[in-house]
Amino acid sequence: VDLGSGWSLAPHVGFAQYDADGDDYDHRDWVAGLAVSTPELVGCVFSPSVSYTRAAYQHEDSVSGFVEKRDDRIWRFAFSVTVRELEGVIGYSPSMTITFLDHKSNLEPYDYRRWEPRIEMTLVAMSF
């Protein structure tokens, strides 16, 4: 959604079903999120985002001795900086993203929180 003056808003919702070779990982995910992009400031575009995932596993998990089904709730908070200033010099705009993941689960081994720093390179193969 173009908000004008270089600002944009990107809400999203999704559903995924994963059927694995092992029953432990068969699950359905519902995801909802929101991302905002700023106008270019000092040669960069800033994009904070947040999403929530609810993952319901369909079979009892081996970690629990096949007694409990896994149920995960995942909050993802990310902040990306895309360096548009470099696109004219090197042909692409590299991005740096820092993400905080709060992965809550009813099964202890899957319950964690962590930071995920990334440097990304996006190449535009086609534009129209």
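**Aromatic contacts in the predicted model**

With a relative accessibility of 22%, F46 is classed as partly exposed, a term that covers the range between buried (under 20% relative accessible area) and exposed (over 50%), computed with a 1.4 Å probe on protein chains only. The model is predicted, so local features need pLDDT of at least 70 and side-chain atom pairs count only at pLDDT 80 or more, while totals for chains, interfaces and linings use all residues. Residues are numbered from 1 along each chain as its sequence is written, and side-chain values rest on heavy atoms, with hydrogens and water left out.

Rings of Phe, Tyr and Trp (its six-membered ring) pair if their centres lie within 6.5 Å, and planes under 30 degrees apart count as stacked, over 60 as edge-to-face and the rest as tilted. This rule gives 5 aromatic pairs. One of them joins F46 and F79, whose ring centres are 6.1 Å apart with planes at 25°, so the pair is stacked. It bridges distant parts of the chain, as F46 belongs to strand β4 (residues 44-60) and F79 to strand β5 (residues 69-83), 33 residues apart; strands here are DSSP runs of E with at least two residues, numbered from the N terminus. F79, at 39% relative accessibility, is partly exposed.

W75 and F77 also make a stacked pair, because their ring centres lie 6.0 Å apart and their planes meet at 10°. W75 is partly exposed at 37% relative accessibility, and F77 is partly exposed at 40%. Together with Y52, W75 and F77 form one aromatic cluster.

Notes:
Helix = DSSP H or I, 4+ residues; strand = E, 2+ residues; numbered from the N terminus.
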